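Let's take a friendly walk through a protein model together. Have a look at the chain first, and then we will go through it piece by piece.

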Amino acid sequence: MMSNSVATIALNQECVLIRADVGDARMLFELRNDPFVIAQSASGRPIAWQEHLLWFERVISEPERNRIYFVKQNRCAIGVIRFERSDQAGALVSIYLVESAVGRGIGTRALVASCRDLFKSWHIDDVDANI
């Protein structure tokens, strides 16, 4: 199991990227159910706590298949980047930021940094995104 005590990756003077850990279910749930994030999501609906918890426990227990990073600004979570291994050579990425973080280049920096970190341990060839 990966711990968020693994190196924190600086994105700029205010923002860092931190890997999610087993204790992060609530923080991820709150970000995922942010009204702005819901409006941008494929489902367009909030996720119930129990549904989220079942999903989170499965995902966090499969570090060889899933990896979640939080984007934090001044210690507050403002975004999430999630990778799901699609096969041995690739992964699918999902990314979202709270509204106040959009349009400031934070997502781009976080995506590049998380891909660099991911490529070190997963030994994959590509990352795809559904936009």
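We will begin with the strands and then turn to a pair of helices.

This is a predicted model, in which local features need pLDDT of at least 70 and side-chain atom pairs count only at pLDDT 80 or more, while totals for chains, interfaces and linings use all residues. Residues are numbered from 1 along each chain as its sequence is written, and side-chain values use heavy atoms, with hydrogens and water left out.

Start at strand β2, residues 15-19. Strands here are DSSP E runs of at least two residues, and helices are H or I runs of at least four, numbered from the N terminus. Four of the five residues in β2 are buried, meaning under 20% relative accessible area with a 1.4 Å probe, protein chains only. Strand β1 (residues 9-10) pairs with β2 in the antiparallel sense over two bridges; pairing takes at least two DSSP bridges. Here I9 sits opposite L17, and a hairpin of four residues links β1 to β2. Strand β3 (residues 66-73) also runs antiparallel to β2, joined by five bridges, with K72 as the bridge partner of V16.

Now find helix α1 (residues 25-32) and helix α3 (residues 49-60), whose axes come within 10 Å and cross at roughly 125°. That makes α1 oblique to α3, because angles under 35 degrees count as roughly parallel, over 145 as roughly antiparallel, 65 to 115 as roughly perpendicular and the rest as oblique. Axes are lines fitted to C-alpha atoms, for helices over the stretch in contact, with angles from 0 to 180 degrees between N-to-C directions. Where do they meet? In α1, A25, R26, L28 and F29 touch W49, H52, L53, W55 and F56 of α3, contact being heavy atoms within 4.5 Å.

Key. Buried < 20%, exposed > 50% of the residue type's maximum accessible area, 1.4 Å probe, protein only.
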